[in-house]
Amino acid sequence: MRDSRGRLNREGQGMSGFTLRAHEKDDAAATAALLMRPAVRHGTMVFAPYTPLAFATEHMAAPVNGANIVAVSDADGAVIGHIALFRNTRFQSHSAWFGIAVHEDWWRRGVGAALMTAMLDTADNWLGLTRITLNVFTDNAPAIALYRKFGFEIEGTMRRQMFRDGTFVDSHAMARLIDPPHYVATP
């Protein structure tokens, strides 16, 4: 979030009931459990039902070449949100893709916006990325609205992209492009 001068609060403090911080290896099990919650899993493309927690935890403990941020409840320290930015390599190193999840008890309480703000600050001001992409189910209107709020646009629709709850589901490919920063030489 931003302070009274409009600067991003990099420590993640000052939000309503939660704090942002770096995802640590010890967070892997809690993050995996978050992603496997039925309401969260329904909107993400990560784990199928009955995925072993050990497998999901190992997946969530893997290093991320970009940003890996969690939102934790101030009341009990529980992981209530997660965003991971994965920088592409070689000829696509100017671009990345991300995944985000928020516990359903915290939907529409600013967690997703705070995670997006922190991730985009890292992408824009530390990694120099000019293209960030994601896939989102076409029936996830709240998520699409959040991404649009942060400048993401639909680039296309992938029909029958996923098989979820016995039905094929379409997804949108969305992207946010920014002009590369100009080089400023120091005297």
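Predicted model: local features only at pLDDT ≥ 70, side-chain atom pairs only at ≥ 80, totals over all residues.
Okay, let's start with a pair of helices: α4 and α5 cross in a right-handed way. Residues are numbered from 1 along each chain as its sequence is written, and side-chain values use heavy atoms, with hydrogens and water left out.

Back to the pair. The axes of α4 and α5 come within 11 Å and cross at roughly 40°, which makes α4 oblique to α5. Axes are lines fitted to C-alpha atoms, for helices over the stretch in contact, with angles from 0 to 180 degrees between N-to-C directions. Under 35 degrees is roughly parallel, over 145 roughly antiparallel, 65 to 115 roughly perpendicular, and the rest oblique. Who makes the contact, meaning heavy atoms within 4.5 Å? From α4 we have G112, A113 and M116, and from α5 there are L146, Y147 and K149. By class, that's four nonpolar, one polar and one charged residues. Nonpolar takes in Ala, Val, Leu, Ile, Met, Phe, Trp, Tyr, Cys and Pro; charged is Asp, Glu, Lys and Arg; the others, Gly among them, are polar.

Now zoom out. The protein chain has five helices and seven strands; these are DSSP runs numbered from the N terminus, H or I of at least four residues for helices, E of at least two for strands. Starting at the N terminus, the order is β-α-α-α-β-β-β-α-β-α-β-β. Of its 187 residues, 41% count as buried, and the cut-offs, with a 1.4 Å probe and protein chains only, are under 20% relative accessible area for buried, over 50% for exposed, and partly exposed in between. Among contacts between residues at least 6 apart in sequence, 58% join residues at least 24 apart.

What about the inside? The largest nonpolar core has 33 residues, and L85, F98, L115, M116, Y147 and F152 have the most contacts inside it. Such a core is a set of buried Ala, Val, Leu, Ile, Met, Phe, Trp, Tyr and Cys residues joined through side-chain atoms within 4.5 Å. Several elements supply at least two residues each, including β1 (18-22), β2 (66-73) and β5 (131-137). Helix α4 gives the most, with nine residues. Then there's Y147: leaving aside neighbours within four places in sequence, Y147 is in contact with F98, I100, M116, L134, V136, F152 and M174.

Let's look at another helix pair, α1 and α3. Helix α1 (residues 28-35) packs against α3 at an angle of about 115°, with the axes 8 Å apart, so α1 is roughly perpendicular to α3. Their crossing is right-handed. On the α1 side the contact uses A28, A29, T31, A32, A33 and L35, and on the α3 side L53, A56, T57, M60 and A61. That contact has nine nonpolar, two polar and no charged residues.

A few single residues now. Is L120 buried or exposed? L120 sits in helix α4 and is buried, at 6% relative accessibility. Beyond residues up to four places away in sequence, L120 touches I132, F150, F152 and R176. The C-alpha atoms of L120 and A67 are 9.5 Å apart, although 53 residues separate them along the chain.

T44 is in the loop between α2 (38-43) and α3 (53-61), and T44 is buried too, at 13%. Not counting residues up to four places away, T44 touches L35, I100, A101 and F137.

M162 lies in strand β6 (residues 153-164) and is partly exposed, at 26%.

Last, two arginines. R90, in the loop between β3 and β4, has a positive phi of about 55° without being a glycine, and R90 is exposed at 65%. R160 has a positive phi of about 55° as well, and is not a glycine; R160 lies in strand β6 and is exposed at 58%.

Technical notes: Contact = heavy atoms within 4.5 Å. Left-handed = near helix turned anticlockwise from the far one by under 90°.
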